[in-house]
Amino acid sequence: MTRMKNALFLATTAIALLITSPAFSQERFDFDSALSYDSSVPAPASFLGYEHGEKYTFHAHILDYFEALAESSDRVTLHEYGRSHEGRRLVYAVITSVENQARIEEIRMNNLRLADASDSGAADLIEDQPLIHWMSYNVHGNEPSSSEAAMQVSYRLAAAQDEETAEMLDDLVVIIDPCINPDGRDRYTYWYTSMYSKLLNTNPDDLEHSEPWPGGRTNHYWFDLNRDWVWLVHPESQGRIKAYQRWMPQVHIDYHEQGFNSNYFTHPGTTPRNLNLPDAYDTWSEAFGKGDAEAFDEYQISYFTRERFDFYYPGYGSSYPSLMGSIGMLREQGGHSRGGRAVETNDGYVLTLRQRIFDHYLTSFAGIRTSMDNRAELLRYFRQALTPGTDPARREKAYILPDLDNQYTHKIVDMMLAHGVEVERAQESFTVPDARDYWTAEPVRTEFERGTYLIKTDQSRHLFVNTIMQRQMAIEDSIMYDMATWSAPIAYNINAAWSERDINANTISLAEAPSQSGSIQNAGASYAYVIDWKQTDAPKALAHLWKLGYNVRSIQRPFFTESDTLSRGSLIVLMGRNRDKMASSEADMEKVAQEAGVHIVGLDTGWSEEGLNPASSWSIPLKKPNVAMLVDAPFSSYTSGQLWFLFEEWTHFPINRIRITDLPRIELDKYDVLLMPGAGSGLGSHMDSSRIHMIKQWVRAGGTLIGTEGSARFLTKDRSRMTPIELAKAPKDEKEDEEPSFDPGSLDDPYVGLEVREDLEDLQNIPGSALRAFLDVTHPLAYGMPPRLYSLKFGNEALEPSVESQVVGYYHPRADSILASGYVSVKNREKLAGKAFAMVHEIGQGNVVLLHDNTQYRMFWVGPARLMQNAVMILPSM
């Protein structure tokens, strides 16, 4: 028996070595080597010094190869569109015929004319206009095969001498972005290169198939760039969208990888769909999928469609282009970070890196062929999709954004302009008879002030405008891959409105966003300077004041100056407590105002005609806190990255990232704040009773412990017993004492089949929906915030309000009013109504803060972000 097992092992090993050998892989997965190529153009293998599939290519070498293509082929030009957070170059290649290259600017401008619905003569251009076909690779750094494929695809287009390639280049302008996320790719590639075995190891349990936290998927700040196409938080996205808007392609395909046991995914996807899109989008999506299938069938490549992936969320590389009139699509190759150079799948197949590159190469050209064969029809679809009025059921005529200094309005305006949206600004006040605000959606006669922004839907970007600004998108299926709502005014917690009739107002169109420069009133003041805490960037101003060495106070009651009423939490700099700064204070305050973008008021006296004085006992000195944030597994790298970004990039306030495994050895007493990002169920295994006791004693001595999402749940009585706060319970059934019963077909029905039960369980989940909530703005945790908030809800858990702890944020107490946007089942609405999501529990001289919902999700759902900034910067001094 043992000999048989050994023989079987040796046979399996021999097969694996055969399958993964370069000769075998190259024979089956051949990159059109039979074609004739221009010998002056280097092939990837000759340039890099190794065959595709033998190793991963560093980003710098990928750039070197594309530069070599551009230098050697007159079909190729290379363009830099930005730099990553870590300074790596971001480029795209434009590849087309020599004749098209000679008039490339004319082609680009004509294409923009096609995208302009107001250009009545543009349709005549279609007959002779090449189609713009854009392919994006490697947005997730640890899905690395696509950048390798990008080089091979570009090589054929740049050097092949066959008739089909010539026809492709005549009919199309192909744009290739070889690596959207170079920071993540190099993080993965450097790690893998340092860990792989020289003897090929296909065992998925081996170290080379298990990358460490945070992994290479994300960018420098651990953000998923494939969720940032709309919000433009990061330089990678900002540069890419600027380039995208210059070209406006008709087809865009985004290349990814998934788990190594999965077969290749191609379109069409699953529901829910964005019902704002034209019906013809689905027809084209299927046509491209069939083109891939035809290529796969020829090579016996396994693939699937209509499962797992929906394109409802607009921030994907597969969904954003569709809002811009393109056929936006996704391709997913099996492999991912655990693929290595070769890995054995759960059915005994050895999946090689060579095949993963080949499969993406295959679908890249299948997509090009479909575009080539349907050039004119796709150009017509593009123009029709960007023509407003094609959806007669759409009621919204305009979205209205008041210009207030305590709101994030300017961020929406900046973002809209970056996407080519026409934004207008009122030059005088105007009235809308039936404006509908986002909180109630009820029509109310409303007067809007001069400076209000208007975004009308009668424009070419109407698909994008309605998808991003609608209060509630139509949802055909509540089981979704990502989230159920992203309505920008709700995410930014802006008091916006929309109108279902045309608005008559005196407006001007904005060519660029108004500047957000700071200002100072009464510079050179002798007594004090004050900064209203309700300004969105007031925390940044506080960080700058601390950096400059100022003693700063925060007032706990509303404060009146001659011209303003300042909100609770407003900052006060008393010159009598900063006498060493007298000579530089005027220049310092000017610098803070400009760098933070805030308005600062100087005072020459401490006398107030009413209310508190600047030096009131309610004016509390703010000590600059030393902050530690726990990172590494089991903490979410996404939430950790968001918090890091919130403080470092947005607030300009440094925090320390501490591995949770290092917690026992650090001197906790030197930190004022301990921040625990969202975490999974494994947090308990890292936090035994001794560590919990240690942290509790630290809090008792004056520390501030903050838990968010899963960490907030961990800090409840139900989990770690750190606090007496309990997780919310479902409403008690009044009939629970009666004989047990169940509704047929419900989760309580023991006879429900497995498939139905799984669907019902998914329906009980809350997939990222907006709940109406209220804040206690008299508590330091909510200083500077409005009393109403939209909280982003994932899952169906919350905190139980209790008089033992202070409730600062809670959901609407009525189940029929709790949902603002998205999807929440009736059962979950009843469970969550009136429950808390933000609570503070005092222990001795310190506080434990529980923020159950993410406060800065992807740095676009930032309406609640001040809760986190207050918890870190204000609360420790109170």
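Which residues are buried in H14? In H14, the buried residues are Arg375, Ala376, Leu378, Leu379, Tyr381, Phe382, Arg383 and Ala385, where buried denotes under 20% relative accessible area, exposed over 50%, and partly exposed in between (1.4 Å probe, protein chains only). Helix H14 covers residues 375-385 and is mostly covered, with 8 of its 11 residues buried. Helices (H or I, at least four residues) and strands (E, at least two) are DSSP runs, numbered from the N terminus.

The structure is a predicted model, in which local features need pLDDT of at least 70 and side-chain atom pairs count only at pLDDT 80 or more, while totals for chains, interfaces and linings use all residues. Residues are numbered from 1 along each chain as its sequence is written, and side-chain values use heavy atoms, with hydrogens and water left out.

The protein chain contains 26 helices and 35 strands. Its radius of gyration is 29 Å, close to the 29 Å given by the globule rule for 878 residues, so the chain is as compact as a globular protein of that length. This radius is taken over C-alpha atoms, and the globule rule is 2.2 Å times the number of residues to the power 0.38. Along the principal axes, the C-alpha trace spans about 90 × 80 × 70 Å. Of the 878 residues, 59% are buried. Among contacts with a separation of 6 or more, 79% come from residues 24 or more positions apart; contact means heavy atoms within 4.5 Å.

The interior can be followed through its nonpolar cores, each a set of buried Ala, Val, Leu, Ile, Met, Phe, Trp, Tyr and Cys residues joined through side-chain atoms within 4.5 Å. The largest core has 210 residues, and those with the most contacts inside it are Leu157, Ile176, Trp231, Met416, Phe464, Phe860 and Trp861. Helix H13 supplies the largest share of this core, 9 residues. A second, separate core of 32 residues includes Trp698, Leu715, Ile843 and Val848. Leaving aside neighbours within four places in sequence, Trp231 is in contact with Tyr313, Met415, Ile468, Trp486, Ala488, Tyr492 and Phe860.

Helix H13, residues 353-373, also holds Thr363. Thr363 is buried, with a relative accessible area of 1%. Beyond its neighbours within four places in sequence, Thr363 is in contact with Tyr255, Tyr264, Asp292, Phe296 and Arg331.

Helix H20 (residues 637-650) has 14 residues, which at 1.5 Å a residue should span 20 Å; its end C-alpha atoms are 18 Å apart, in agreement. The expected span is 1.5 Å times one less than the number of residues. In H20, 11 of the 14 residues are buried, including Trp644, Phe645 and Trp650. Ser636 caps the N-terminal end of H20, a side-chain oxygen lying 3.2 Å from the backbone nitrogen of Tyr638. Just after H20, His652 takes a positive phi of about 60°.

Asp632, in the loop between strand E26 (627-631) and H20, has a positive phi near 85° and is buried, with a relative accessible area of 16%. Arg721, in the loop between helix H23 (710-714) and helix H24 (754-763), has a positive phi near 65° but is exposed, with a relative accessible area of 55%. A cis peptide bond joins Trp213 and Pro214, with omega about 0°, and Pro214 is placed in the loop between helix H9 (182-195) and helix H10 (235-247). The peptide bond from His267 to Pro268 is also cis, with omega near 5°.

Notes. Polar contact = N/O pair within 3.5 Å; in protein donor to acceptor, adjacent residues only side chain to side chain.
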